[in-house]
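Here is a friendly walk through one protein chain, meant to be read with the structure open beside you.

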Amino acid sequence: MAPVRRSARTTTALLAVLLAATACGPVADRQLGDLRVGYDSLDGSLPVWPPRGGLAGDASVTAAVTDAVRDWRSPTDDRVHLPTSGILFAGEVDGAPLALVAADVPGHAASWLLQLTGDGGRYAVTRAAEYTDPGYLVYSDVLPVWTSAGRRYLVSNRVQRLLGPDGRALSTTDGISDPADVPECRAVPVTATLRSTKSVPGGRAAERLLDLGTGVTDPRYPLVRDESGAGRRALAGLDTCALAGEEGPFRSMPRRIGDRDAPGSVPESWPMAKVTLRSLGELTLGRGEAGDLQQLTWESATDTMTAVVYRPPGGGAPVVSPADRVDALQAYRLPVPDQPLIVLTWRPARDSSLSVPPGTPLVLQRPGLAVLLEPERRLTVSLAAAEKTHYRSVGGR
């Protein structure tokens, strides 16, 4: 989970530190079969996720949280493996009992951050966010929390300082930050400073993340790693609720489990890291002014994904396509109101050429880019390259 991948070398080193660690120490009254309180992980001599919160030592709370987690099921009906999960926080936040659990869910799912709310001594899972990289919650340092006061974050013991979207430091109590000013449908930066540890020698001055906004709903995880800051620039002015909508690029490619779609799981196209944006050039529709056509690229858990963004002249709302995996010939349906388009992109070369069926109404064609009106019937386009011809079927929705 928190939101996107580190380098393979860093991930391997962190997992080695954490998996080789001894326990932080469960509470004395923990009953056999209860969740551990804190997570059994050390970074050198530093407990990464020690027990946090005023109720972390309350055996009755531990038992009630365990009961609720034991009864919870993922969208694919998998259950939490209690021995390898842990209560990261148990206390009162904004006047209500709150527990946060790093849940290991074997099977088709990987890691889940479960948020539980207490009422009358009983707890219930009220939010469940999935991260598809095994162990991510264990080696992450900033985890999103939803409360009545808005967005807060739970930080690991590695975090020295946390900056909110406005660049100001967020105070933390028992690892829980003050509320951050996170809008509903805009991506905003969150930056952590990490102390020097065995896995992060010398520390890290800026662990950059993007929060995609409070409008992002479960089970999609809202934090995206943004090491270079390119993601912040790429998503500026874009509606993240639209990006995460049914036809939006981040949600458009459902996760498949076995031979069927799993709509209750995080989509294969959900962003984890390395969001970038590049210009494809101007696009003029009809006799109006030219708008800007751009290509959005990001890393998901399974692949590199792309989409196109059309920014109409005059500052109108941008139009985005569904996602497409990176390939030699990319094809996108761009749902421009009253004039849906097909956008084709490729890497131009001297020995490559695009072919479309005769009579296809082209709006624009130049090396590496072609735009056509969406045909009523399915048609096949091809890109002839030096060693292979690539085919895509488009239109006919």
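Glu246 and Arg251 join their side chains in a salt bridge, at 3.2 Å from N to O; the term stands for a side-chain nitrogen of Lys or Arg within 4 Å of a carboxyl oxygen of Asp or Glu. Glu246 is exposed, with 56% relative accessible area, while Arg251 is partly exposed at 28%. Here buried means under 20% relative accessible area, exposed means over 50%, and partly exposed lies in between (1.4 Å probe, protein chains only).

Before going on, please keep in mind that this is a predicted model, in which local features need pLDDT of at least 70 and side-chain atom pairs count only at pLDDT 80 or more, whereas totals for chains, interfaces and linings use all residues. Residues are numbered from 1 along each chain as its sequence is written, and side-chain values use heavy atoms, with hydrogens and water left out.

**Charged pairs**

How many salt bridges does the structure hold? There are 16, and three of them are set out below.

| Salt bridge | N to O distance | Relative accessible area |
|---|---|---|
| Glu246 and Arg251 | 3.2 Å | Glu246 56%, Arg251 28% |
| Arg158 and Asp141 | 2.8 Å | Arg158 1%, Asp141 3% |
| Glu207 and Arg204 | 2.8 Å | Glu207 7%, Arg204 26% |

In the Arg158 and Asp141 salt bridge, the closest N and O atoms are 2.8 Å apart. This pair links distant parts of the chain, 17 residues apart: Arg158 sits in the loop between S9 and S10, and Asp141 in the loop between helix H3 (136–139) and S8. Helices (H or I, at least four residues) and strands (E, at least two) are DSSP runs, numbered from the N terminus. Arg158 is buried, and so is Asp141. Both belong to a network of salt bridges that also takes in Asp43. In the pair of Glu207 and Arg204, Glu207 is buried but Arg204 is partly exposed.

Asp34 gives another picture: it is buried yet has no salt bridge, and the nearest side chain of opposite charge, Arg70, is 5.2 Å away. For charge, Lys and Arg count as positive and Asp and Glu as negative, with His and the chain ends not counted. You will find Asp34 in the loop between helix H1 (8–19) and strand S1 (36–37). Setting aside neighbours within four places in sequence, Asp34 is in contact (heavy atoms within 4.5 Å) with Thr62, Ala63 and Thr66.

**Nonpolar cores**

A nonpolar core is a set of buried Ala, Val, Leu, Ile, Met, Phe, Trp, Tyr and Cys residues joined through side-chain atoms within 4.5 Å. The largest one has 32 residues, and Val142, Tyr153, Leu154 and Leu162 have the most contacts inside it. Strands that each supply at least two residues of this core include S8 (142–147), S9 (150–155) and S10 (159–163). Its largest share, 4 residues, comes from S13. Another core of 23 residues lies apart from it, with Ala56, Trp72, Ala109 and Leu114 among its members.

**An open sheet**

Four strands form an open sheet in the order S23-S24-S27-S26, with antiparallel pairing; two strands pair if DSSP finds at least two bridges between them. The edge strands, S23 (329–334) and S26 (362–366), each pair on one side only. Strand S24 (residues 341–346) and strand S27 (residues 369–373) pair in the antiparallel sense over 5 bridges. Which residue of S27 is the bridge partner of Val343? That partner is Val371.
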